[in-house]
Amino acid sequence: MENGGYPDTALTDEELTELALAADPSAALSDDAVPIGIHLARFAAPLPSWYMPPALSRDGRRWKTPFVIAIVSAFLLIDAMGLCNTYGLLSLA
């Protein structure tokens, strides 16, 4: 490794493995240690937008709620009446 432990290029898997195995897990953190979340926030978003897109508003889902409630209610009513609706065929349970 060049530059006192900071390479000019990306580390290979072998170099990362060597560093991980050589590290002392019980060593105390230095006083200038920065949490990884703060460190990564300086460069880019913690997760790319394709991986976790921003939350959308609920305006477009108004028609779905009554539809889902009706379907679930229908199945609960069928079950409460002692009927079975497996595979779309209504029969006695």
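## Exercises on a predicted model

Ala93 counts as exposed, at 81% relative accessibility. Keep in mind as you work that this is a predicted model.

**Exercise 1. Work out where Ala93 sits and what it touches.**

Step 1: Find the place in the chain. Ala93 belongs to the segment after strand E2 (91-92).

Step 2: Apply the cut-off. Exposed means over 50% relative accessible area, so Ala93, at 81%, is exposed.

Step 3: Look for contacts. Leaving aside residues up to four places away in sequence, Ala93 touches Gly82, Leu83 and Cys84.

Step 4: Ala93 and Leu83 are 10 residues apart along the chain, and 4.9 Å separates their C-alpha atoms.

**Exercise 2. Check the span of helix H3 (residues 64-80) against what 1.5 Å a residue predicts.**

Step 1: Count the residues. Helix H3 has 17.

Step 2: Find the expected span. The rule is 1.5 Å times one less than the number of residues, so helix H3 should span 24 Å.

Step 3: See what comes next. Gly82 follows H3, and its phi is positive, near 80°.

**Exercise 3. Describe the surroundings of Ser26.**

Step 1: Ser26 is found in the loop between helix H1 (13-22) and H2.

Step 2: Judge its exposure. With a relative accessible area of 65%, Ser26 is exposed.

Step 3: Find a partner. The side chains of Ser26 and Asp24 make a polar contact at 3.0 Å.

**Exercise 4. Step back and describe the whole protein: how many helices and strands are there, and how much of the protein is buried?**

Step 1: Count the elements. There are 3 helices and 2 strands.

Step 2: Read them in order. Along the sequence, the pattern is α-α-α-β-β.

Step 3: Turn to burial. Of the 93 residues, buried ones make up 1%.

Step 4: Finish with the surface. The protein exposes about 8,900 Å², and carbon and sulfur atoms supply 65% of that area.

Key:
Residues are numbered from 1 along each chain as its sequence is written. This is a predicted model: local features need pLDDT of at least 70, side-chain atom pairs count only at pLDDT 80 or more; totals for chains, interfaces and linings use all residues. Side-chain values use heavy atoms; hydrogens and water are left out. Helices (H or I, at least four residues) and strands (E, at least two) are DSSP runs, numbered from the N terminus. Buried means under 20% relative accessible area, exposed over 50%, partly exposed in between (1.4 Å probe, protein chains only). Accessible areas come from the Shrake-Rupley method with a 1.4 Å probe; for residues, only the protein chains shown count as cover. A polar contact is a pair of N or O atoms within 3.5 Å; within protein, one must be able to donate a hydrogen and the other to accept it, and residues adjacent in sequence count only if both atoms are side-chain atoms. Contact means heavy atoms within 4.5 Å.
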